[in-house]
Amino acid sequence: MDDLARRYLLLGLRMGRLVPGFIDSYVGPGELAEAVRSEDEPLPQDLHDEGLRLTEVVEALPAESDAQRRRRRWFAGQLTAIRTQAREAAGEEIAFLDLCDQLFGLRVTPVPDAELRSARDRLDAALPGRGSIAERMAAARERLRVPDDQTLEALAASAARFRDVTRRDFALPDDEGIDWAAARDQPWGASARFLGRGRTRVEINLSLPRDVPVIAYLASHEAYPGHHAEHISKERTLIRDAGLGEATLRTMNTPEGVLAEGGADVAREVVMGDWELEDELRRIGRSIGIDADWPAIVAVSGAAFALAGAVGNAAIMLHHDELPEAEVRDWLAEVNPALPELTAHAMRILRDPTNRTYAFTYREGARLIRPWLALQGQTTGFARLLTEQLSPGVLIDDLAEADVAAAPR
């Protein structure tokens, strides 16, 4: 790796000591991690200043090829996010939406009320039975609930099928695999930590309820063609082939998280249409002795998934508008009818220092990626997400250029 990558890794590893949860995974040189562990705790100002120095280095990088320009853009976004987190760690107050803007390289916006009402209406129409949406949603989830002792086996089996359909369109290394593990009482539903050499450890939070559609979602989001597929693809293309040492560090609350989570959220759509998802849910259900009207369940899941963006609105209400937590919780429970424990979990996420902003990466990433995939071609575009050093700014520029080209003259 070059000196820039080495200095970036040291900066990121030091940020990991200063900001809990900053490092998602690290598979770079062990001696760098050991050196940082042996140091005194870093000072936020020192890390901010090193981020500025590295920004000057990045601005002087060559930009003759597309890959070089992408690298410059990637570093610029990552370093802005790191400097911002250092400023916050030093005690500087940054307005919540400005904070998100600087962390992710795009402007965070709430889900429009009309979009939430539409999703809620679709959910109401798709749910069977009588009673309130919340009552019928709870009943549907209970009928489709996957027991704790069958969760990991069901996930591994579903991920294997998603792996098969992913390999139809995308080249994955042969020497790869996933280590599935259970976790409890975490401020997340699942976590995919890359271990290097083609392996990812995926932990599932068994403290949250899981139904059959959630199993399929986790299999595609955390495994194929989601996080694990991205990890192993970039290990080959960025780390081994291109020698980009910076790719050995994956970080939270930076622009790379927007594309990682947004890409994982649209992953299922890329390799499996709704009618194929019906078959997958049927197979998962059959394995644990559950039968249902699977086309209706796909419709329910799609509407519920669209309502998940309300968590971002709740974050804005809580941290930007500074509304009382009880008022935000009641609003979220009303707008997004889910089991009480899921609403409570969402509020826990919004209180967590890392996840209160990271919660935006899912919707904002998917909202950016979907039109970009339509522009690129779904398979071609998603292959780029899996293998190239992209950043939100690159996608935003591509979409803006397409709009200009399509404008009447």
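**Salt bridges, packing and backbone**

User: What is the relative accessible area of D2?

Analyst: D2 counts as partly exposed. Buried means under 20% relative accessible area and exposed over 50%, with partly exposed in between, using a 1.4 Å probe and protein chains only. For D2 the value is 33%.

User: What kind of model is this, and from which number are residues numbered along each chain?

Analyst: This is a predicted model, in which local features need pLDDT of at least 70, side-chain atom pairs count only at pLDDT 80 or more, and totals for chains, interfaces and linings use all residues. Side-chain values use heavy atoms, with hydrogens and water left out, and along each chain, as its sequence is written, residues are numbered from 1.

User: With which residue does D2 form a salt bridge?

Analyst: A salt bridge requires a side-chain nitrogen of Lys or Arg within 4 Å of a carboxyl oxygen of Asp or Glu. In the bridge of D2 with R71, the closest N and O atoms are 2.9 Å apart. The pair links distant parts of the chain, 69 residues apart, with D2 in the segment before α1 (3-18) and the partner in helix α4 (residues 66-89). That partner, buried at 12% relative accessibility, is R71.

User: How many residues apart in sequence are the parts that E280 and R161 tie together?

Analyst: E280 and R161 form a salt bridge whose closest N and O atoms are 2.7 Å apart. E280 lies in helix α12 (residues 274-287) and R161 in helix α8 (residues 148-169), so the parts tied together are separated in sequence by 119 residues.

User: Which residue is the salt-bridge partner of E176?

Analyst: E176 is buried, at 10% relative accessible area, and lies in the loop between α8 and β2. Its partner sits in helix α8, 13 residues apart, and is partly exposed at 26%. The closest N and O atoms are 2.7 Å apart, and the partner is R163.

User: How many salt bridges does a search of the whole structure find?

Analyst: Some salt bridges join into a network, such as the one that links E115, R363, E364 and R367. The search of the whole structure gives a total of 40.

User: Which residues touch the most other members of the largest nonpolar core?

Analyst: A nonpolar core is a set of buried Ala, Val, Leu, Ile, Met, Phe, Trp, Tyr and Cys residues joined through side-chain atoms within 4.5 Å. The largest one has 91 residues, and apart from it lies another core of 23 residues, including L4, L10, L11 and F75. In the largest core, the residues that touch the most other members are V212 and F382.

User: Which residue forms a cis peptide bond with Y224?

Analyst: Most peptide bonds are trans. Here omega is about 0°.

User: Is N253 buried or exposed?

Analyst: Most residues other than glycine have a negative phi. D185, in the loop between β2 (177-183) and β3 (190-196), is exposed at 53%. N253, in the loop between β5 (249-251) and α11 (255-271), has a relative accessible area of 5% and is buried.

User: What is the radius of gyration of the protein chain?

Analyst: The chain has 20 helices and five strands, and buried residues make up 53% of its 409 residues. The radius of gyration is taken over C-alpha atoms, and the globule rule is 2.2 Å times the number of residues to the power 0.38. A compact globule of 409 residues would have a value near 22 Å, which agrees with that of the protein chain, 21 Å.

Methods:
Helix = DSSP H or I, 4+ residues; strand = E, 2+ residues; numbered from the N terminus.
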